[in-house]
Amino acid sequence: MLRRALVLLSLLAAPGLSPAAAQEAPPMPARVVSMNLCTDQLAMLLAAPGQLVSVSKLARDPMSSAMATEAMAYPVNHGQAEEVWLMQPDLVVVGSYTAQAAAQMLERLGTPVLRVEPAYALADVPARIRTLGAAMGRQAQAEALITAFETRLAALREEVARRPSAALYYANGYTTGDQTLAGEILLAAGFENIAGARGGGQLPLEALAMAAPEALITARPYPGASRSEEVLMHPVVRRLRAAHASTANTGNDWICGTPFVLRAIEDLAAFRKDIETETE
Amino acid sequence: MSLLSLQDLAVTLRGREVFSGITLNIHAQEVVGLIGPNGAGKTSLMRAALGLIPSGGKSSLAGLTPQQRAKAVAWMPQAREIAWPVRVEDLVALGRLPHGDHAPAPVEAAITKMGLEGLRKRRSTNLSGGEQARALLARALAQETPLLMADEPTAGLDPAHQIATMEVFGALAAEGHGVLLSLHDIGLAARHCTRLVLLAGGRLLADGRPEEVLTDDLLARGFGITAYHAQTPDGPVFQPMHRAR
Amino acid sequence: MTRALALLLPLVLVLAALSLSLGPADVTLPESLRALFLGGDGPLPMVMREIRLPRVLLALMIGGTLGLAGAAMQGYLRNPLAEPGLLGVSASAALGAVLAIQTGLSAAFAMALPLSALAGAVVAVLILVVLAGPRAETLTLILAGVALSAVAGALTQLVLNLSPNPFAASEIVFWMMGSLADRSVLHVWLALPFMALGVLLLAGVGRGLDALTLGEDAAASMGIDLSRLRLRVVLGTACVVGAGTAVAGAIGFVGLVVPHLLRGSVGGRPGPLLWVSAAGGAAMLLAADIAVRVVAPDRDLKLGVLTALVGAPFFLHLVWRSRGERA
């Protein structure tokens, strides 16, 4: 029994014995598997028909993914090395933090793995598109996406007369500051973030109440309940949110550095205009 | 006056009949010793009389409400259990619980009677076995009931403490109380009880004055022993000698 | 009123005031008290009334009832190691609460949360009382507690891991360690009726527990109805532990340390110990809740971490002593 298992193991490990295989990545990989929510979406935008073999399970979750409907067309993976290996990919795309054990295993087995860092700022979005486009052999598609993104972003960054104060407030009382993707979305939409220049962290409810931001942007609750999200229903939060007729939420457009962040900025800017007309 | 009246009392524990047909009366001014071999049901008899375990027949106490009963009889289980390090005076004062008062007079009287004045502030869990027995007896005295029932009150005590304890019961009887005790020490029973009840083989074998109960025949039938006995100016003396053949 | 109570109640008041004055918003105590009672402009009254006041009230209520329940359980089981947290009662209540939340029952009907936690606690206390009996052997008691805690903890973790909510899985720590951060007045109202009922039930057990000092038989002969006493202790403990756990998670060791520390002050009598323990429990939890905010102001350090740090050495000390008694 043990011997058979060992034989099987050595068979599995065999491709790893020739490291040369890893370097011979073809210019346009025919079978691409993405294992990360954000690369899933970029890959779906960039891929040639039939090129993308699988996306992560999260890509189909409308709470997290801006392309949940599109993702229904692809088989999903669950971030496990074995299932991905069996898909025989020419390129595996992962985030730089998630599924690391699986990524290392796949590299050992000789599959080329591309690690894409998350976008920390709006300026990172074109860079990520370019990186993935190059790896997938879809440079032209990538450049077209980038041009469209930058044109629309420039149009959105209009000058605003007054920047209403705002706070982003998530489960467990977390907030994000200017130097994050969400923070930049907030700035681009014409708000001033009470969390300021810092990256973010836990914002005590009390500090939030004392800062009394004009607009409070919270995350939509996930299905199923959690204690972490309970703070978003706290009377203090409800009162701040109830200050205006319209409300704004962070959502799937906010999570990844994809062109969909533009939609988030547009929605938020509309929210700001609602507030401005209310106060006039 | 009858303080306890049992009629045709029977107890069955886990399907086994312990005893049946027990009819017994305890009166004021009596110290009644309940004797019998191990397993004869002395403890069960007293607990059934109190209504603490289910029984057949009738007990004059079992019909009372728990509160009424607590004012009619004080009960000292054999296990000298003291769960918490309470002060001796607080332990004795527990005897007032059924009365719902904190009357200091009965507590003080009980402390004096049991010679606990010097120990009153001590933690009862730190006392010696003899001192604990005295404190627990004082607790029962503070309950001020007409009847006192005690299971093996002299077990584990040295001779001086045994005699002192039995003398307290004698004094209680002289004051007009009734006392029912289970005892293993036949000599002590003979010397200090006004009446003995012999329980053996699930029956009440004898009920009478000590010399009527501690006959050769009844000792052989009840305990399976022979005893040396003598009459002294100070009262009867019984000393178990051999196992009967 | 005993001397211990005369000392503890002012301490509780001082700690409550200190807790009210503590928070990220930098305001003086008089200012915050004025905002609390008189209101006024700006966000301060809201901070005081909606954030700090519920926190202090819950610390008082939960700490007080944990002290009370600990004293009652110890008195009934006649074992100084009996404690709702240690014996898995709190963990079972947490399981009940988690089930109510994850099945959506508490969203449909708010009272389902404390009720379900209460049910979990009742089951646990019943198992303990039946298993360990009224004269609880330390070994039986502790083993039963370990088993109950393990089962309840595992089931809680299972339920949370199966939840579709990404945050739920990480919340086992809250349920096992407890926290008062960001609780609102809603939580106070949720817990209050059950705690009041529990306190009412436990308020009547003092005489019975005093009598139980001498053992069951002696207590029964003194007119104590033992089955009613047991019912009161079981339901009363379950009510307060269930309600407390439902809103603040399982906070351990308060019910162990406080009665142990204060037993001497009431001459060891379990009846008077109940109320002294309640005051002591309130003081201990207020102090712990102040400490978590002073030690780590911008992290949600769990209350149970502190109570365990204080309580576990006590526990070991008691185990050591009971070992010596058996030898």
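Of the two pairs of chains in contact, where contact requires that the C-beta atoms of two residues, placed from the backbone, lie within 7 Å, chains A and C share the most contacts. The model is a predicted one, in which local features need a pLDDT of at least 70 and side-chain atom pairs count only at pLDDT 80 or more, while totals for chains, interfaces and linings use all residues. Residues are numbered from 1 along each chain as its sequence is written, and chains are lettered from A, with ligands numbered from 1, in the order in which they are written. For the complex, the predictor gives an ipTM of 0.91 and a pTM of 0.84.

Between chains C and A, 24 residues of chain C are in contact with 23 residues of chain A. On the side of chain C that touches chain A, the elements giving two or more residues are α3 (44–77) and α4 (89–102) of chain C, helices and strands being DSSP runs (H or I over at least four residues for helices, E over at least two for strands) numbered from the N terminus. The largest share of this side, four residues, comes from α3(C). By class, the side of chain C that touches chain A has 14 nonpolar, five polar and five charged residues; in this scheme Ala, Val, Leu, Ile, Met, Phe, Trp, Tyr, Cys and Pro count as nonpolar, Asp, Glu, Lys and Arg as charged, and the others, Gly among them, as polar.

The interface of chain B with chain C involves 21 residues of chain B in contact with 19 residues of chain C. Helix α2 (residues 66–72) of chain B contributes four residues, the most of any element, to the side of chain B that touches chain C, and that side comprises 15 nonpolar, one polar and five charged residues. Chain A and chain B, by contrast, do not touch, and their nearest C-alpha atoms are 41 Å apart.

Chain C averages a pLDDT of 89, with 97% of the residues scoring at least 70, and chain A averages 85, with 89% of the residues scoring at least 70. Over residues 1–26 of chain A the pLDDT is below 50, and beyond near neighbours in sequence this stretch has 12 contacts in the model. Where pLDDT is low, the predicted coordinates should not be read in detail.

The domain assignment of chain A, with bounds from an automatic or database source, gives domain 1 (32–154) and domain 2 (165–279). The C-alpha centres of domain 1 and domain 2 of chain A lie 27 Å apart, and 21 residues of domain 1 are in contact with 16 residues of domain 2. On the side of domain 1 of chain A that touches domain 2 of chain A, α3, α7 and α8 of chain A each supply at least two residues, and the residues of that side divide into 15 nonpolar, three polar and three charged.

Helix α7 (residues 124–136) of chain A has 13 residues and should span 18 Å at 1.5 Å a residue, which agrees with the 18 Å between its end C-alpha atoms; the expected span is 1.5 Å times one less than the number of residues. In α7(A), A:V125, A:P126, A:R128, A:I129, A:L132, A:G133, A:A135 and A:M136 are buried, a residue being buried if 20 or more other C-beta atoms lie within 10 Å of its own, exposed if 12 or fewer, and partly exposed in between, with C-beta atoms placed from the backbone. What covers these buried residues includes β1 (32–34), α3 (37–46), β4 (91–95), β5 (113–116), α8 (139–156) and α13 (261–279) of chain A. Just after α7(A), A:G137 takes a positive phi of about 70 degrees.

In chain C, 15 of the 21 residues of α6(C) are buried, so this helix is largely enclosed by the rest of the structure. C:R232, found in helix α12 (residues 226–248) of chain C, counts as buried because it has 21 C-beta neighbours inside 10 Å. Leaving aside neighbours within four places in sequence, C:R232 is in contact with C:L201, C:L202, C:G204 and C:V205.

Chain B has nine helices and 11 strands, and 47% of its 245 residues count as buried.

Notes:
pLDDT = per-residue confidence, 0-100.
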